[in-house]
Every structure is written in C-alpha cells, then in structure tokens.
Amino acid sequence: MRQSIPAPRWRLPLVVGLLVLLPVLWAWPQGVGGWRAAGIVAGWLGFGLWVAALLLMVREARLAAWLGGLERMYDWHHKLGSLAYPLILAHPLLLAADLLDESAQAAWSLLLPIPLDWAIGFGWLGVLLLVPGMALALHSGLPYRRWRAWHALLALPVAFAGLHLYALGLRSLLWGAPALAALFLLWRYLRSDCGLGARPYLVSEVTQPLPGIVEISLQPLPSVPFASAHPGQFVLLAFGQAAGFVGCGEFHPFTLSAIEAGGRWRVVIKALGPCSAHLQDLRPGVPVRVQGPFGEFLAAAGGQPACWFAGGIGITPFLARLRAPEPMAATHLYYFCRALDALPYGDELRALTQLHPEFSWQPCVALPKDDVADFLPSAAQLDGRDCYLCGPPPWMASVRAVLLARGVPEARIHFERFEFR
C-alpha cells in the first residue's frame, strides 16, 4: 500500500497568485485617471481569476495530488469564478465612469458601441455571454448532463476576451493569459471529457454482496503502466461495450474498495441512478477507461487513534484501508444502516478484526426519523481522536455538526465530497 503525504497547502494559493497577479502587474495602468485605472485593474484581475479557475477544473491525478486534492481544487475553482464574475462586470462600467468627465455621450458610446467598434463589441459579447453562463453554472437544480452542457457556454467568454484583446492591439499578450486559458480549456476537454488521459482496464470479476450492490475487480492491461493508489482515493470510470453489455460511456466517480498487487483495484457500485443501476449487470471482460486515482481522504488514517463513521455504501474507503495489512492505531467504526439485513460486508468486518486487533466496529441501525446524535460517541470518547466521515452528504453534515458540538476540532474531522459541479 502506498502511503500519501499531504501536499503543502501553500502550493495552490501560490499558483493562483501567479496566474492572477502577473497579468495585472504587466498591464498596470500608467498616467491615467482613477476610474480608468480601476477599470483596467478590475478587468485584468477578473480575467486572471478566470484563468486560474480554468486550471483548477483540469482533472489530472498528478496535478491534483500536487495541489492538495481534486476536492480542494474544485472548491477554489468555484470561489475564483465567483470572484471573477463581478470584477469582469465592473470593468466596462468603471471605464464608462471615467468617460463621464468628457461627456455622457462618450460614456454611453462605450456601453452601447454604435456604430460598432470591434474591440468594444467583442468585449461586450464576452460579458453578455458570461451572465447566463454563470447563472446556469450556479443552478444546482439542473440534471448533471444538462448542467455540464450549459456550463460549456463559459468557454465562449474566454474566446471573446481573447478577440477583445487582439482588437485592442494587445497581441503580444495573447501568448500569455489568453493562451493559457485556451490551453487549460483544451486540456480539460481532450484529456478528461474525451478521456484521452484515461488508462485502459478490464472488468475481471463481479460479485454481488447485496441486491442493488456490485463489487467489481479492475485489471490493468499488460501493455499499460498502472498507477499507484492508497485507501480512501477514488477513480473516474467509463464502461465500454463487450459480451452483450453496453456501458453508459461517461465518467462517474467510484471509491476504491481494495488495492491489490499488480495494479488491480476493486470498486463498489450501488444502484443510485440510471447509470449505476445499469452497471449492476456488469460482467467480466467489459473494457473500462480509468482516470485517477484522486483524493486525500484517509491519507493519514491508521497512524493515530480514530473514529470512523460510515453511512451505507460509505463503508467503501474504510474497507480499502482494512483490507491492507499495514498495522493501525486504535480505531472504532460506527456503521450506519437502515436494517441489519441491509448491511453489506458485515461478515468481512468481523473477520477483519482478526487482521487488525486494534480495530473494532458496531452497526448503528438508524431510520430517517432518528436523531443521529443518539448513536455517536460522547465527548470523552472522542477526545484525542481523528474522525473520518463517508456517506450521503446530508448524513455527513448531521454527523459533522454533532462532532463539532462535542468539542472535536474542525481540523480533526475529515471527509471528501464527490461534487463535480
């Protein structure tokens, strides 16, 4: 088993700072009025934040590990995009405010360029496309496929921003920030969305621990170098077609449930939606494209006393750690389920207590009406322990709130989300 060392937390802000501040310093206004200077700085700050946000949506395992994990990258991606939005909107307004000293007509000609000025027109097209693009990006109610398709609209403002700079005569700069933005967009589209960066695997075995749940083994092809992984990580899988089975063809995240010799991995798939329900019919021989592994969850687990909290299929990353032979510090698992007969891997967990004498566990049969606090350890039992959570997001939020109320420091509460919006 490969142990992971968490990436230094300064790397991500350093990269973002360079992408944001270098263009601003290059274009720092000289000898212009206050409103115009503010407009120029706002425009470059907004565009720099946008370029940094584009980098942070790139899904490359090594890049994600270097920057502190895919979840942290996506969190910063959302925040940087949200910060860039008002700055870019303020850019033309501040420039127009500067022209008010000349005349209201001059200010209005910048806001409504008639006759058409190509430089201003390209800039406004980018701004106007940014408004619906951001509105749809922040719309959490859209189905994921539709949201992703609409989210692609946000590539157009980047293109028009490049044309805007070109028409303004800033052509030497096109080798800088706009070129990087285009590179990051193309990189993400080809390597991640089209799967050119994925590794080819085959499904070698399929088992069914319970109805509606399958665990599959993934075997790398002999000709392809396999990636190393550690417990708690997840991969993005796209299943193909073979032996009468036709996969969904799109990438979905699945947590590794076992890491075995020769680059073989296991993942658990629960029928939660149309694609995962279809994957219950998987069979050996189906080709799989694999991206990853990603994530830092459980990277340091096992070295310090801990409490684990698993909700339903959230047992998966903990299984991967328990199936590894490396010794563990005292660890107790609270395994939440709706009924004991809906508890996958109960027999295996009992057997794993023999492999890890410091490990213990208990099932927690909890219904939706039950208060999760009634099942959690006391403040004294939590003292000095790291807490790891994996399960449905609302359940994790409830558990986290109780742990914080019982005095567990936030730095000792560990969880990751599969959120790709």
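The structure holds one disulfide, a disulfide being a pair of cysteine sulfur atoms within 2.5 Å. This is a predicted model, in which local features need pLDDT of at least 70 and side-chain atom pairs count only at pLDDT 80 or more, while totals for chains, interfaces and linings use all residues. Residues are numbered from 1 along each chain as its sequence is written, and side-chain values use heavy atoms, with hydrogens and water left out.

Q: Which residues form a disulfide, and how far apart are their sulfur atoms?
A: A disulfide is formed by Cys248 and Cys275. The pair links distant parts of the chain, 27 residues apart: Cys248 is in the loop between strand E5 (245-246) and strand E6 (252-259), and Cys275 is in helix H10 (residues 274-278). Helices (H or I, at least four residues) and strands (E, at least two) are DSSP runs, numbered from the N terminus. The sulfur atoms of Cys248 and Cys275 are 2.2 Å apart.

Q: Is Cys275 buried or exposed?
A: Buried means under 20% relative accessible area, exposed over 50%, and partly exposed in between (1.4 Å probe, protein chains only). Cys248 has 26% and is partly exposed. Cys275 has a relative accessible area of 13%, so Cys275 is buried.

Q: Which cysteine sulfur is nearest to that of Cys337?
A: Cys337 counts as buried at 8% relative accessibility. Cys337 is in no disulfide, and a distance of 7.8 Å separates its sulfur from the nearest cysteine sulfur, that of Cys364.

Q: What accessible area does the nonpolar patch with Leu21 have?
A: Leu21 lies in helix H1 (residues 11-26) and is partly exposed at 48% relative accessibility. Patches are made of residues with over 30% relative accessible area and no salt bridge, with like charges joined within 9 Å and nonpolar side chains (Val, Leu, Ile, Met, Phe, Trp, Tyr) within 5 Å. Together, Trp10, Leu14, Leu18, Leu21, Leu22 and Leu25 form this surface patch, with an accessible area of about 650 Å².

Q: Which residues does Ile88 touch, not counting residues up to four places away in sequence?
A: Ile88 is in helix H4 (residues 70-99) and is buried, with a relative accessible area of 17%. Contact means heavy atoms within 4.5 Å. On that basis, Ile88 touches Gly46, Phe47, Val127 and Leu130.

Conventions. Accessible areas come from the Shrake-Rupley method with a 1.4 Å probe; for residues, only the protein chains shown count as cover. A salt bridge is a side-chain nitrogen of Lys or Arg within 4 Å of a carboxyl oxygen of Asp or Glu.
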